[in-house]
Amino acid sequence: RLLYAQGAPLRHVPLKIYLPSSPSASEPSTGHLRVVQSLISPFLQGTKEPQTVGTALHALLPTLFPSRRTPILARPVLHGAVVPMSAQIEGLLREVAYLDGWLHVGLVMMG
C-alpha cells in the first residue's frame, strides 16, 4: 500500500531539515547536526501556487534563506544531490521521500 495514494490531495508535507552546527568546546573534533522539522502545506498560503523548496526553506529558516529563488548561505541537498530552489515540495515528496514518509533535506553551508 502506498503511503501517499495517487490522485489523493495532500494536506501537509512532513519535512525534516538537517543543519550543520559548530562543534562544542568540549568536543572540538566532532560535528553536530540540528534538526528542524515541520509540516509544510503543498501550496502557498491563500493561493493555489505550489510550494517550492525555496519558499518552504525561506518560511522555516529566513536567516539562512533570505531569498526564495537563490541559495545564498546554504544549499539544500537530497540523497547527495543539490536540489533546485524551484523544485516543488509535493513532487519531491512523491518521488524521493524516505520510507518513513518524511522528506529529509540536508543543508550544505556555502563559502
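Mentor: A charge sits over a ring if NZ of Lys or CZ of Arg is within 6 Å of the ring centre and within 35 degrees of the ring normal. Here Lys 16 lies over the face of Trp 102, 5.1 Å from the ring centre, and Lys 48 lies over the face of Phe 43 at 5.5 Å. This is a predicted model: local features need pLDDT of at least 70, side-chain atom pairs count only at pLDDT 80 or more, and totals for chains, interfaces and linings use all residues. Residues are numbered from 1 along each chain as its sequence is written, and side-chain values use heavy atoms, with hydrogens and water left out.

Trainee: Which residues line the largest cavity?

Mentor: On a 1 Å grid over the protein atoms alone, a cavity is a set of points where a 1.4 Å probe fits but cannot get out, and lining residues have an atom within 4 Å of a point. In this model, the largest cavity is lined by Leu 15, Val 53, Ala 56, Leu 57, Ile 89, Leu 92, Leu 103 and Val 105. Its volume, the space filled by probe spheres set on the points, is about 40 Å³.

Technical notes. 1 Å grid on protein atoms, 1.4 Å probe; cavity = no way out; pocket = protein on both sides within 12 Å on 5 of 7 lines; lining within 4 Å.
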